[in-house]
Amino acid sequence: MVCFRLCPVPGLGFVLLCLVLGAVSSYALELNLTDSEKATCLYAKWQMNFTIRYETTSKNYKTITISNLANATYNGSICGDDQNGPKIEVQFGSGFSWTVNFTKAMSTYSIESISFSYDTRDNTTFPDAKEKEIFTVHELVALSIPLDDIFRCNSILTLERNGVVQHYWDVHVQAFVQNGTVSKKEFLCDKDKSSTTVVPIIPTTLPSPTTTPTPKEKPDIGSYSVNNSNGTCLLATMGLQLNVTQDKVASVININPNTTDFTGNCYSQTALLRLNNSNIKYLDFVFAVKNENRFYLKEVNVSMLVNGSVFSIANNNLSYWDAPLGSSYMCNKEQTVSVSGAFQINTFDLRVQPFNVIEGKYSTAQDCSADDDNFLVPIAVGAALAGILILVLLAYFIGLKRHHTEYEQF
């Protein structure tokens, strides 16, 4: 845990900010804002990422995901006063900023609005953006919460507007904290109320693995789906085996689909399947569209308990399970998705379709064996050409020898 202490805000005392760093680019933000008497006035802990779709100079569209918040600053976050309500302001990356505003009524407070800004003049992040300027998306939330309750939502909350998709999860927030003490009484979001399995806050211990993991049997095959207002929008069938290395200890974990919950969301350019159970806080598979005609697995994020410790990894630069839009991707043989050196996923009897699902059924599949066939074709052609060349050379030498024998007889 890395803690940052900012300069005092006039009339508010010090702002104490803690950034809990996970592996690679998985970050949880925690803010404990205090007033002039050093009493907590606003508390928040959450995770978030952003997907931005922008037009390029070649009149195509690209999609990027912003999830690295390692260098976040919090200038402008305030407890609020008689004229201004509390707000959280976060700055990160190259020109990204995020703001949430709170208001208060007699017995409730509200998460009033959320704003997110990005700057396409940043040539590192948006090297080929057609329009170079600062864009801001503003969402009116107006979520009311009892005054002495802390809002909690472990499930994914999603906002989408103007080509920007915002994801929030593991959210705990309380504005207008009473008497400087963060409430233990939780006000749950609708998704957490309907969830059959709540992600535990207190860790449970997994069986201690050995340094050399015992080979696991093939995992059970699970069927997963995601629905939106139009019906089923994502289908996935697969057996999942997780290979984790932490503190030089290797573990092999089979996911049991009978004890695993799933959720997610679908959009025109991205789709998310999230799995969780008693030991896996989340295992995310993020799919994206490329070149407007194909899909692929772009990102995997995981946070889980391994040997009693939290293990978190994120990689948003993957390229697996590539297939044309309107079809599904299938691979019955064992495949490995290498997320990092410390985390790999073995898949069995895989079939996925994250876009263009019709009537809740898979479309025609592109089989991973086609990739093998594409690799074997040039080898077969080369072998055939080599065989022809050998036959030509043999015929040449036989003819040459016969001609030489006839010459000697003459």
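**Close-up 1. Arg 274, a buried arginine in strand S18.** Arg 274 has a relative accessibility of 4%, so it counts as buried (under 20% relative accessible area; exposed is over 50% and partly exposed lies in between, with a 1.4 Å probe and protein chains only). Its strand, S18, covers residues 270-276; strands (E, at least two residues) and helices (H or I, at least four) are DSSP runs, numbered from the N terminus. The side chain of Arg 274 makes a polar contact with the side chain of Asp 284 at 2.8 Å. A polar contact here is a pair of N or O atoms within 3.5 Å; within protein, one must be able to donate a hydrogen and the other to accept it, and residues adjacent in sequence count only if both atoms are side-chain atoms. Leaving aside residues up to four places away in sequence, Arg 274 also touches, among others, Asn 154, Trp 169, Phe 262 and Tyr 282 (contact means heavy atoms within 4.5 Å).

This is a predicted model: local features need pLDDT of at least 70 and side-chain atom pairs count only at pLDDT 80 or more, while totals for chains, interfaces and linings use all residues. Residues are numbered from 1 along each chain as its sequence is written, and side-chain values use heavy atoms, with hydrogens and water left out.

**Close-up 2. The salt bridge of Glu 139 and Arg 161.** The closest N and O atoms of Glu 139 and Arg 161 are 3.2 Å apart; a salt bridge is a side-chain nitrogen of Lys or Arg within 4 Å of a carboxyl oxygen of Asp or Glu. Glu 139 sits in strand S9 and Arg 161 in strand S11 (residues 157-161), 22 residues apart. Glu 139 is buried at 8% relative accessible area, whereas Arg 161 is partly exposed at 39%.

Close-up 3. Asp 192 pairs with Arg 152, with the closest N and O atoms 3.1 Å apart. Asp 192 belongs to helix H1 (residues 190-194) and Arg 152 to strand S10 (residues 150-153), so the pair ties together parts 40 residues apart in sequence. Both residues are buried, and Glu 186 is linked with them in the network.

Close-up 4. Strand S15 (residues 231-246) and strand S16 (residues 249-254) pair in the antiparallel sense over six bridges; two strands pair if DSSP finds at least two bridges between them. Thr 245 has Ala 250 in S16 as its bridge partner. Two residues lie between the strands, and Asp 247 in the turn has a positive phi of about 55 degrees.
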